[in-house]
Amino acid sequence: MMGETEAVEIDDILDDWFIESLKSYKDLHVYQLEHPTQIIEWTSGKTVCVAGYSSGKNEILELRLPLKLLADEKKGLCAERDFKVVHGGFSEGPVCCLRHIPGTRCAVTNDGLNSDLQLWDLGADDTDVIRKTGSLPGTSVSQTGSRIAARLSSSPEVLHGAQSSAVQLTQLGTGQTLYRLEVDSTEPLSSLKFVSETAFLASCCDGTVYLADTRTSAPPQASPPPGECTLWWTDASAGPQCRVIRLSSSGQAVVSDLRNMGGAVCRAQLDVQTSPRKPEDVTVAWAPALDGCFSVSGLSGLVQIYDTAGWRAEPQDASPLFQHAGHSVSSQHGDGSAPIFITTHVWHPERPRTLLSAASDGSVHVWDWVDPQTN
Amino acid sequence: MTCMKRIFSKTRRITVGRLVGVTLTSGRCFHAELVRTESSGLPIVHHSKYVCDLPANHRFPMAKFPRVLHCLLQDQVITERQVWVPEIASKDLLGAVHTEDYLNNFISGRINEQEQRRTGFPWSEGIVRRCRYETGGTVLAAEVALQRGLACSTAGGTHHAFPSYGSGFCLLNDLAVAAKYLMNSSSRKRKVLIVDLDVHQGDGTAFIFKDEPSVFTFSVHCGKNFPVRKQQSDLDISVEDGLEDKEYLSTVAEHLPWLLETFRPDLLLYDAGVDPHWEDELGRLRLTDQGLYQRDHYVMKTVVKRGIPIATVIGGGYSRDINKLALRHSIVHRAATQVWRECGM
């Protein structure tokens, strides 16, 4: 039983953090979902999808961001400070991966238990229902879930697979396989991402990265793990100078140029407070609109932003530029329950310092942080 | 006679022109650099030193104080002749509420990092000075209200300050200092009712007067807003997010008349915070400009009609559009001007 003193102390911590947050954030909006989500996926500049991951039935929700956040100059016109549910539906199983097909109102999901995919219609203005429209059989017998990638194309297509040996590009309308990645290794994938209209990175949990092109059946360029560790996460930045970051569960961060994956542009050692063990424990993402910055969640109870500007070839300890502690601060229970963890986070595609993050207690935050160096 | 000496000895700050018309009525004197006893208009209390410099991009809308006055003058709601100028609050005045240690540390800049963080302000001599002037302004407004019936400061409402520490942009508790001083400044102890309609609970004030029967603290606030850790006012009304004009006004109307009837205050201090407004960045209620005006008019008219003196402070408001915010804060002064007229004051 939590004593009164403890309750008061927790309240104090919350109040302290609130005052602190006025300085460290330009905006901060907090939302509480009934059930936690493991995915946050942009479906437009103003909307995201979230979904439950419990073993039974789960909700899939499309949320609109607080208008007050998006308004900028015209903030005065927008009273709405909350997320608004604009569309919703139900999934029979957990949703571990959800990808929006750009240019459509379609989404593709995977339940993390095998490599089958479910197809969804996110709904239009005339309905608030997200409904399942079909499914795609998986490409392999797998106990890990599939990763999914999509990019804008003339006909809706999805790149998916649970292992490096079973990645394929499937046309949604016909179910036709347009491309298969020719790799023998059956290493589980940590991510799949398009780096151009036809080129993509298939990143494995062991740190191996394959760079391939859907136009050619030639074998992909393989890049071995950049260090001694058995669990890695990868992200590739957008834009002409594509940088790839690989992060290990021990906190080793290696940045390479896409065209020279064998070498490392720079390295650093990040501080690890938790011990991530599963692929879904950690999210690492380049900032779409902040050169050289990336974010990571899962190494501690916070979302951390790093700036690689000062990083060198020789690995050195790196400190975060900014840390979002909102989820851990507001989840103090004192009742012996497990500490909460960040399940996922994403950057806003255009606003340089806006992110969304979700935690295991069902909280979803959208925050626009102030660069401490300009304060 | 000591009063006369106090006013006339400040010849550095008061020009000869302003001395014309200074009268002393019934031996009352004011903690003022400039009195306006010759003016028959609504007394407004303002000091140019209500502001200080803050680091660029600081979240506290410091510039609002002079802008409130400016927009009232520009819109010809008031004239300069109505503006009383307060003295800086002395250590003695402050010491009736704040601890000696805190005051010494506060004035000399020995507030540690952690304490500063909780206040939201980096310490500076400027911030000390402006807080003291602001507190002096609330004291003066209360003094003038006792004499004229109604007076409005263009600042004030720093209700999160506790005796030994500051919090939430509040470093000194102006309402508490004013209440304490006025409570004791007459031969018979005065009863003071503090009506705090800022969207955040007046926790500092509640704490300071929890054992003082002569001061009644009444706070209407949004439950989910800061502070999470609430104190216990004499009457707390915690309202739900999203409350709109009609329900909010009826909540105030439900309690104010019976409070006045049963407590029978000799003075009312009114925190007219505008952060219940729907555009406020921190507040979670949905009042409109009209709603705020109706609220302020209702409170002041109800109190004045019962012959109870009332002094108002502007309370909290958070918006990055300073002009809009200043205009919003000036609603209480406009409503007061209307009440002044309606009640033939």
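Chain B and chain A bury about 2000 Å² between them, 52% of it on carbon and sulfur atoms, where buried area denotes the accessible area (1.4 Å probe) that two parts lose on being put together, summed over both. Within the share that chain B buries against chain A, B:R118, B:R229 and B:W278 supply 28%, more than any other three residues. The model is a predicted one, in which local features need pLDDT of at least 70 and side-chain atom pairs count only at pLDDT 80 or more, whereas totals for chains, interfaces and linings use all residues. Residues are numbered from 1 along each chain as its sequence is written, chains are lettered from A and ligands numbered from 1 in the order in which they are written, and side-chain values use heavy atoms, with hydrogens and water left out.

The contact (heavy atoms within 4.5 Å) draws on 21 residues from chain B and 21 residues from chain A. Four salt bridges are found across this interface, a salt bridge being a side-chain nitrogen of Lys or Arg within 4 Å of a carboxyl oxygen of Asp or Glu. A:D16 forms a salt bridge with B:R118, the closest N and O atoms lying 2.7 Å apart. On the side of chain B that touches chain A, helix α6 (residues 113–119) of chain B gives the most, with four residues; helices (H or I, at least four residues) and strands (E, at least two) are DSSP runs, numbered from the N terminus. By class, this side of chain B comprises six nonpolar, five polar and ten charged residues, with Ala, Val, Leu, Ile, Met, Phe, Trp, Tyr, Cys and Pro counted as nonpolar, Asp, Glu, Lys and Arg as charged, and the others, Gly among them, as polar.

Within chain B, helix α10 (residues 245–263) and helix α11 (residues 289–305) pack at an angle of about 10 degrees, with their axes 10 Å apart. This angle makes α10(B) roughly parallel to α11(B), the term being applied to angles under 35 degrees; axes are lines fitted to C-alpha atoms, for helices over the stretch in contact, and angles run from 0 to 180 degrees between N-to-C directions. The residues of this contact include B:L249, B:V252 and B:L256 of α10(B) and B:Y298 and B:V299 of α11(B), and by class the contact has ten nonpolar, three polar and two charged residues.

The axes of helix α12 (residues 322–329) and helix α13 (residues 331–342) of chain B come within 4 Å and cross at roughly 30 degrees, which makes α12(B) roughly parallel to α13(B). The contact is made by B:L327, B:R328 and B:H329 of α12(B) and by B:I331, B:V332, B:H333 and B:R334 of α13(B).

Two backbone features were also identified. The peptide bond from B:F226 to B:P227 is cis, with omega near -5 degrees, and B:P227 is found in the loop between β6 (215–222) and β7 (235–239) of chain B.

Terms used
Angles under 35 degrees count as roughly parallel, over 145 as roughly antiparallel, 65 to 115 as roughly perpendicular and the rest as oblique.
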